[in-house]
Amino acid sequence: MITVENLSKVYDGTTVVDAVSMVIEKNTTTVIVGTSGSGKSTLLRMINRLVEPTGGRVLIEGRDTREEPAHLLRRRIGYAIQGHGLFPHRTVAENIGTVPQLLGWSAARIQARVEELLQVFQLDPKAYADAMPHELSGGQQQRVGVARALAAEPAVLLMDEPFGALDPIIRAKAQEDLLEIRRRFGTTIVLVTHDMDEAFHLGDRVAVMSGGRLLQYDRPARLLTQPADPFVARMTGMGDRAMRLLSLTTAGEAALPGRGSGPAVTASASLREALSELVWQGADSAQVVDADGTARGHLTLDAILRHGRPS
Amino acid sequence: MTEATLPRTARFDRLGTLLGVTGVAALAGLSFVLVKANRIVPGIPRSLLEAAPPLAGWACLACLALAATAALFVFNARLRLGAALLGIGALLLALGAAGDALTPLGNRVVRISAGPAFWVVLVCLGLMATDAITRMRPGPARRVLWLAGFIAVAVLALKSGRFDHLSVMREYAVNAERFSRELLRHVLLAAGSLGAAALAGLPLGIACYRVPRIREAILGALNVIQTIPAIALFGILMAPLGALAAAVPLAGRLGIRGIGAAPAVVALFLYSLLPIVANTVQGLRRVSRQAVEAARGMGMTPGQVLLRVEMPLALPVIVTGVRVVLVQNIGMVTVAALIGGGGLGTFVFQGIGQTAIDLVLLGAIPIVALAFSAAVVLDALVEVMDRVKQ
C-alpha cells in the first residue's frame, strides 16, 4: 500500500503538485492521467524520490520513504519510462540484471532471473540475452525495459508513459502483457499516461490531475457516471461516455441466466464489443460463451443498453 | 553494366589520371637525386637513369610505368594498392642503388639526397595507395595491422644497409645515439603532457557539463589559450617558471626551470586542455537522457551513473579529443626544441641553423610518421568504441 499525504512540489514559486493525497491499494493498477503540465509525472517521480517533495510525505507499507537514502529506496521500486531508456552499451541480459547487480545478487541468481523474465516477455533467452538493445525492435526494447524494471522483484512498479512511443498494435500487446504481469507477480502498478483509453483499459483506479491538483481519484465507471469536476467530464469524453461505460463491463459479468439465441459472444468481450456485434449482425440478443464454447448465459439489447446508463 | 553503356568519363580514374600525369611529368622534368660534394654546397641534379645503375634504373622505370597504368585504367582497389606499393618499393630501391652507385668507395663526405622528382613521385604513389586502402574500407583492426606492417617493413629496409649511402642516413649514422634519445624524449613530452591534460581535463569537463554556469568561462579561457602561438606561450611561461625555480629550490632540483622541458610540458598541457574538456562536455551531452533517467530511477548513485552509464557512452567522443591532442602535441613538441625542451625538433632547428636540409629531414620525417601512426591507431580505437550505437 502506498499512502500519499498532502504531497506538494514547488519550483521557483510555481506549484507543480498541489497538496495531493491518495491511497494506492496493494495489487492494483492505478493510472494517473492528465494533460501535459498537469503534474502527473512529478507526482509519480516523488514516489521514488527522483523529485524530492517540497511538502507532505509518501509512505510505502506504512514506512516513510525518507527513512532511507533515495538510491536504496529506488532499488526496491521498479521504474520504467517512455522510450525504454535501455543502456545502449550493455547487452539485454546486463540491462535486465542492473538492479539485481546493484543489490549484490550472485551471478547465478541474476542469470536465472534474467532468463525467467525473458521467457515471461516472450523473448528467447538464447537469441536475445546477449543482443545489444539497438538490435531489437521497438516493441522488444519496450518489453526489455519493463523486464528490467521488474528484475529485483519489486512490490511496486512505477511507469512513466511506458507505451507512449509504441505504435497502436504493439501498444495493445504491451498493455495486455502488463495486465498479465500484475496477475502473475501481484505487483502494485502506478502508471502515468495522457491517454484516457489507456487509463480506462488498465486502471483499477484512475487519478485525474490538472494544474497540479488531484481532481478525482476513483474507479473508472465512477469517473464517467459521477465526474467530480467539469474538467473530469471533459477529460473522460462527453461524446462517447456511454460507450466507454459499456467497455468497462464484460459480457460474462452482465450475462443473464438461460440460453438465448443469436450470435455468440465470448464472456471476456466487453459489452461495447457485444453491442457492436449485435448492431453488425442485426440481432437483438446474443449467446454468451466461454473461450472453449460452453454456454454462460445470454444478453439482450436492452440489458446491454441498461449498462450504458448511470444507474 | 556493359562496357558500351559506361559513361566515357568512367573509363579513366580521375584521381589516378591526375597522379599519373603529375608523376610522369615530375620524372621527366625534375631531378631524381642531388649529388653534393659535401654537406652544405648546392647539389648537382641527376635524373633517374643518370643516377641509378642501368639495370636498377630501367627496372624502376618499368615498375613506375606499371603503377601509372594501373592508376589510370585499373579500378580494382586491391590491384591499385599492389601497383602503388610496387612503385614505392621500386622508387626507394632505385634511390638506394643510386646512393651506392654515386658514392665513391670509402668517401664519407659526398652527399646523395633525394631530388624533387623522387618526392613528387613518392607523394603521388602514397596518395594512390591511401586512396586504394580507403576504397577497400578496411576495418579498424586491419588498418592497425597495415600500419604495423608498413612500420616493420620500413625498419627492416633501413636496417638492411641499402640506404646507408643516402644523406639522411649519413646524418643518422652520425647522430644515431642522439636520435634514439631525442625520439624517446619527443614521445615522452607529447604523451606526458597529454596524460597530464587527461588527468586534469576529464574532471574539468565533467564539472563543466554538470555546472553550466562555469562552462562558458572555462571553455572561453581555454579557447583564448589555443589562440596564443606556441612560441609565444613558451616565452610567457619562461618568466614565472624561472621565478618558481629561483624561489623554491626543490622545484629547481625537480627540473623545473624557465627553459627546458618544464615550459614545454606546461604549454602543451594548456593546449591539450581545450580539446579534452570540450570533447568531454560534448560526449556527456550526447548521452541519451533516458538512459541516465533510467539509471537514476533504478537506484544508481550519482557516481555509479557517471562511471557506468555516462562515461562509457561519452568515451568515443572523448577519445576523439585525445586523438586531436596527441597528433597536435607530436607536431608542437618540435617547437619545444627552441627553448631547450629537446625532442626531434632539435635536429630540425640544428639543420635549419646549418642549412643542412638532410638533418632537418632526419627530424621531420619521424615526426610526420609518429603523428600519422597516432592518428591511425586512435581513429581505429574510436571506431571500435563507436560500434555501440547510441
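This report describes chain A of a predicted model and its interface with chain B.

Local features require pLDDT of at least 70 and side-chain atom pairs pLDDT 80 or more, whereas totals for chains, interfaces and linings use all residues. Residues are numbered from 1 along each chain as its sequence is written, chains are lettered from A in the order in which they are written, and side-chain values use heavy atoms, without hydrogens and water.

Chain A contains 15 helices and 13 strands, taken as DSSP runs (helices H or I, at least four residues; strands E, at least two). Its radius of gyration, over C-alpha atoms, is 21 Å, close to the 19 Å of the globule rule (2.2 Å times the number of residues to the power 0.38) for 311 residues, so chain A is as compact as a globular protein of that length. Of these 311 residues, 53% are buried (under 20% relative accessible area, 1.4 Å probe, protein chains only).

The two chains bury about 1900 Å² between them, 61% of it on carbon and sulfur atoms; this is the accessible area (1.4 Å probe) lost on being put together, summed over both. In chain A, Phe87(A), Pro88(A) and His89(A) lose the most area to chain B, together 27% of what that side buries.

Contact means heavy atoms within 4.5 Å.

| Chain | Residues in the contact |
|---|---|
| Chain A | 23 residues |
| Chain B | 20 residues |

There is 1 salt bridge between the chains (a side-chain nitrogen of Lys or Arg within 4 Å of a carboxyl oxygen of Asp or Glu). Arg45(A) and Glu293(B) form this salt bridge, at 2.2 Å from N to O.

Definitions and conventions
Buried means under 20% relative accessible area, exposed over 50%, partly exposed in between (1.4 Å probe, protein chains only).
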